[in-house]
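Here is a short briefing to read alongside the sequence and the model. It walks through a few selected spots, grouped by topic.

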Amino acid sequence: MESARPSLFRSKLSLDKLHTFLSRPVSAAVVDIFRILVGLLVSAYYVRLFLEYPLYTSESGFLDHELHRKLFWFTELTLFFPGSPAWYKLGILGLGALGALALTLGVRPKLGAVICWLVAVSVHRWNFAVINVDDSTITLLLWWMLFLPIGHTLTLDTLRKRSN
């Protein structure tokens with residue numbers, strides 16, 4: 001019993017050190033570098049979605065979207081609907097790509113993150129049978145963007161102000 005006490009005390013000290021390390025202030029530039037990297041990754045993700053559109057998202061693709069909606073109730077909560085025209089689905093994907101561009105450039109980055117997240121979740125639910133780890137990772141990264149203090153530095157507005 002006597003020997004357990006010092007190890008508990010040491011673990012308490014290490015937890016305090018960890019808490020101190022994790023709660024220290026972080027530079028806004030570091031958070032915005034992360035935003036830019038996430039924006040570039042999400043942009044590449046939307047390029048991939050456009051390339052895979054005929055395979056999975058279109059009505060003539062490999063997936064039976066009507067059956068998915070019957071089997072999994074949560075797949076009905078999406079921006080895509082059975083029978084919707086291709087221009088509508090491609091327009092929603094284009095809106096997500098514009099959101100990714102806004103996130104990358106820092107032009108209304110929170111709004112861009114919200115749009116990207118809504119479109120990504122809708123695509124996941126529409127193509128539920130073929131989602132992968134990368135789809136879930138993109139969703140989580142965009143979720144982080146909703147709550148991180150992004151857009152304070154490294155934006156087009158701050159670059160314009162510096163040049164003037």
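Let's start with Ala102, which lies in helix H5; helices here (H or I, at least four residues) and strands (E, at least two) are DSSP runs, numbered from the N terminus. Please keep in mind that this is a predicted model, in which local features need pLDDT of at least 70 and side-chain atom pairs count only at pLDDT 80 or more, while totals for chains, interfaces and linings use all residues. Residues are numbered from 1 along each chain as its sequence is written, and side-chain values use heavy atoms, with hydrogens and water left out.

**Around Ala102**

- Ala102 is buried, with a relative accessible area of 19%; buried means under 20% relative accessible area, exposed over 50%, and partly exposed in between (1.4 Å probe, protein chains only).
- Not counting residues up to four places away in sequence, Ala102 touches Val107, Arg108, Pro109 and Gly112, where contact means heavy atoms within 4.5 Å.
- Between the C-alpha atoms of Ala102 and Cys116 the separation is 9.7 Å, and the two residues are 14 residues apart along the chain.

**How H2 meets H6**

- Two packed helices are described by the angle between their axes and the distance between the axes.
- For H2 and helix H6 (residues 109–126), the axes come within 12 Å and cross at roughly 35 degrees; axes are lines fitted to C-alpha atoms, for helices over the stretch in contact, and angles run from 0 to 180 degrees between N-to-C directions.
- The crossing of H2 past H6 is left-handed, a term used if the near helix is turned anticlockwise from the far one by less than a right angle (right-handed if clockwise).
- On the H2 side the contact is made by Arg35, Val42, Tyr45, Tyr46 and Leu49, and H6 brings Pro109, Cys116, Val119, Ala120, Val123 and His124.
- Sorted by class, this contact of H2 with H6 has 9 nonpolar, 1 polar and 1 charged residues; Ala, Val, Leu, Ile, Met, Phe, Trp, Tyr, Cys and Pro count as nonpolar, Asp, Glu, Lys and Arg as charged, and the others, Gly among them, as polar.

**Salt bridges**

- The structure holds 5 salt bridges, each a side-chain nitrogen of Lys or Arg within 4 Å of a carboxyl oxygen of Asp or Glu.
- One of them pairs Asp32 with Arg35, with the closest N and O atoms 3.0 Å apart.
- Asp32 is buried at a relative accessible area of 0%, and Arg35 is buried with a relative accessible area of 0%.
- Arg48 and Glu52 join their side chains in a salt bridge of 3.4 Å, N to O. Arg48 is partly exposed at 23%, and Glu52 counts as partly exposed at 23% relative accessibility.
- Glu59 and Lys89 form a salt bridge through their side chains, at 2.7 Å from N to O. Glu59 lies in the loop between helix H3 (53–57) and helix H4 (65–71) and Lys89 in helix H5 (residues 86–105), so this pair ties together parts that are 30 residues apart in sequence.
- Glu59 is partly exposed, at 41% relative accessible area, whereas Lys89 counts as buried at 0%.
- Arg48, Glu52, Asp134 and Asp135 belong to one network, joined by salt bridges that share partners.

**Around Thr57**

- Thr57 has its place in helix H3 and is buried, with a relative accessible area of 4%.
- Leaving aside neighbours within four places in sequence, Thr57 is in contact with Glu52, His65, Lys89, Trp126 and Asn127.
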